[in-house]
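Let's take a walk through this structure together, one piece at a time. Keep the sequence and the 3D view open while you read.

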Amino acid sequence: MELIWQGIREAFGLIFGFDAEVWRISLLSLRISGTATFISLFLGVSAGTALALTRFPGRRLLVSLVNTGMGLPPVVVGLFVSISLWRNGPLGVLGLLYTPTAMIIAQSVIATPIVTGISLAAIQQLPPKLRLQILALGATRWQMVRLLLREARLPLLAAVMAGFGGVISEVGASIMVGGNIKGSTRVLTTATVMETGRGNFDIAIALSVILLLLTFAVNYLLTRIQQAERPR
Amino acid sequence: MSAVAPILEVRGIRIRRGGEDVLNLPHLAVAPGETLSLIGPNGAGKSTLLLGLSGIEQPCAGELLFRGERVPAGAAALAYRRRVAMVFQEPLLFDTTVFGNVAAGLKLRSLPQAEIARRATESLDRFKVRHLADRSARTLSGGEAQRVSLARALAVAPEILLLDEPFAALDPPAREELLEDLAHTLHATGTTTVFATHDRTEAQRIADRVAVLDCGRLRQIGTAEDVLRRPVDSFVAAFVGVENLLPVRLMASGAGGAFAAVLGAGGALEGGTTTGCVFFEIGGAAPGMLLGSEGLLCIRPEDVLVAAPGDRRGSSLNQLQGTVASVVAQGPFLKVSIDCGMRIVAAVSGHVARAISVEPGSAVTIALRPADLYVIPRG
């Protein structure tokens, strides 16, 4: 117990003592996971909406794959992204392995099925006739999609939170494709694993607390947006 | 229908779902400013027809003409769709304010803000929901929500308004009030309206013509009086509330009038004598029916006059003595089943029922106006 309190005190010391390394890895975590969430938002909402509004052979199989993808193990993603970006791999020529970009790619692969699955459910839970009603008001197809997304904004923001939560907390893929290189690809999760391995539990707890605070801050902000501007 | 060129015309439209025809309509024309009611049981194809008329659902065959011009398919139908508005049974309001909802169709047309505000406010006023403008649509009652839905549809000043059972989920007072306001608005704006309902009284209230649909096919179209009084077949008759369908044979007329003999019925005529056959003087029979042919005599319960035994009302020909078999309360009326050699159902007001003591076992006289009796082909 004393160890945990010590870790929490250490965390606040590192934050408010403006420890340069801690701030750098915190901001890098935020940048990598934030970018990956944005990419997954674009891809996932588009794919989820398309799956919700269209009917084609093989759609059910695709939906099942998306739902399976929502629980994609980060180490599996890390493995396949590593193989792809490996020097002799199909994308090895890009030289991205052990860079923040590789981590963004891996985290996007993890978050996209999560955002897709929740977006699909969000659109499907709207009244089936709402789509017809929007068209009956004279909407173009794009206006209809925009209005449907607006109606589903609460669960869509939940999709953003779930996507961000999934990637800010993952460690397997980040360590495999990023390598936990100090000053380059070290993020909060990989640093926590490393410090725990070294027996520096107080620093590991401090990093965990910072990770939790960061996750809370982002989710709090998203929740404020989600719950705001609803008329009474 | 008048000779005015139709604003909307359907030619040979077929809509298929799941490999089956859910709508097959050789022809239907709606005149400008007309209110056409579509009635029919659930699954008759009313909603499908409205979706077809709205340009949202594409038929697999046939064409839709608006002011004589063919409505194109797909995205090209947008210009037509923007001249039409549709209201569904559920209000389907957006998760925003009431004003935001009523303005939605106007925003989709990218109208200037001032114009949106003016037209939305005007429509809110028309449906008496302006005081709710800033309220969240989620907090409205069923009646208020449907008013907002109608205000949203009419805010875009559609040339054609399609209504898909918009009052079905409302309680009777809310329905009455909204029906009144809608009828007034349609009259004031002259909007051509196609109104689907399974309630014939709603259809009667606001329709210039009534079309009866069943299994995706048009069974009859005409004025409300035509359809209710002169149904084309037993399905339409039963659907429009003709509860007495008696098998009859059309008989030669004696003195200019037409007569029908009820098949297999003996009757107790006025005065207490019994007879082996009952004749009715009738108002008419379906076109093409020959004398001597068998048919079904249509008698609406509200046209059966129930009186005290021996009470004479006009010609004795259409009067029968009977005994009340059962009495069931139905809304403001009592549904009285009378055994008079045949079973005839009458709708009796509470006032009359009390005055002449209508209860099971009591003797009554029933009288029928010839003009209210119509014979349709059997089968």
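Start with helix H11 of chain A, residues 201-227: its 27 residues should span 39 Å at 1.5 Å a residue, and since its end C-alpha atoms are 38 Å apart, the two values agree. The expected span here is 1.5 Å times one less than the number of residues. Helices are DSSP runs of H or I with at least four residues, strands are runs of E with at least two, and both are numbered from the N terminus.

Before going on, a word on what you are looking at: this is a predicted model, where local features need pLDDT of at least 70, side-chain atom pairs count only at pLDDT 80 or more, and totals for chains, interfaces and linings use all residues. Residues are numbered from 1 along each chain as its sequence is written, while chains are lettered from A and ligands numbered from 1 in the order in which they are written.

Which residues of H11(A) are buried? They are A:Ile203, A:Ala204, A:Ile205, A:Ala206, A:Leu207, A:Ser208, A:Ile210 and A:Leu211. "Buried" has a set meaning: 20 or more other C-beta atoms lie within 10 Å of the residue's own, against 12 or fewer for exposed, with partly exposed in between, and C-beta atoms are placed from the backbone. These buried residues of H11(A) pack against helix H1 (2-16), helix H2 (20-53) and helix H10 (188-197) of chain A.

Now zoom out to chain A as a whole. It has 11 helices and zero strands, and its C-alpha trace spans about 65 × 55 × 25 Å along the principal axes. Of the 232 residues in chain A, 40% are buried. Two residues are in contact if their C-beta atoms, placed from the backbone, lie within 7 Å. Take the contacts in chain A between residues at least 6 apart in sequence: 77% of them join residues at least 24 apart.

Where do the two chains meet? The contact takes 22 residues from chain B and 16 residues from chain A. On the chain B side, the elements giving two or more residues are helix H1 (46-54), helix H2 (78-81), strand S6 (84-87) and helix H3 (98-108). H3(B) gives the largest share, three residues. By class, that side of chain B has 11 nonpolar, five polar and six charged residues. Nonpolar covers Ala, Val, Leu, Ile, Met, Phe, Trp, Tyr, Cys and Pro, charged covers Asp, Glu, Lys and Arg, and the others, Gly among them, count as polar.

Chain B itself is divided into domain 1 (8-233) and domain 2 (242-377), with bounds from an automatic or database domain assignment. Their centres, taken over C-alpha atoms, are separated by 39 Å. Five residues from domain 1 and six residues from domain 2 make the contact between them.

Next, look at helix H5 of chain B, residues 142-155. It reaches 20 Å from its first C-alpha to its last, close to the 20 Å expected. Because 12 of its 14 residues are buried, H5(B) is largely enclosed by the rest of the structure. Its buried residues pack against S6, H3, helix H4 (113-126), strand S7 (160-164) and helix H6 (172-189) of chain B. After H5(B) comes B:Ala157, whose phi is positive, near 50°.

Chain B also holds an open sheet of six strands, in the order S15-S12-S11-S17-S23-S16, with mixed pairing. S15 (278-282) and S16 (284-285) stand at the edges with a single partner strand each, so one side of each has no neighbour in the sheet. Strands pair if DSSP finds at least two bridges between them. Here are the two pairings of strand S11(B):

| Partner strand | Sense | Bridges |
|---|---|---|
| S17(B), residues 294-299 | antiparallel | six bridges |
| S12(B), residues 258-262 | antiparallel | four bridges |

B:Pro247 stands opposite B:Leu296 in S17(B). In S12(B), B:Arg249 has B:Ala261 as its bridge partner, and B:Met251 has B:Phe259.

In a regular strand the side chains alternate between the two faces of the sheet.

Finally, how confident is the predictor? pLDDT is its confidence in each residue, from 0 to 100; the mean for chain B is 89, and 93% of its residues reach 70 or more. Over residues 269-274 of chain B, though, pLDDT stays under 50. The model scores ipTM 0.85 and pTM 0.86.

Key. pLDDT = per-residue confidence, 0-100.
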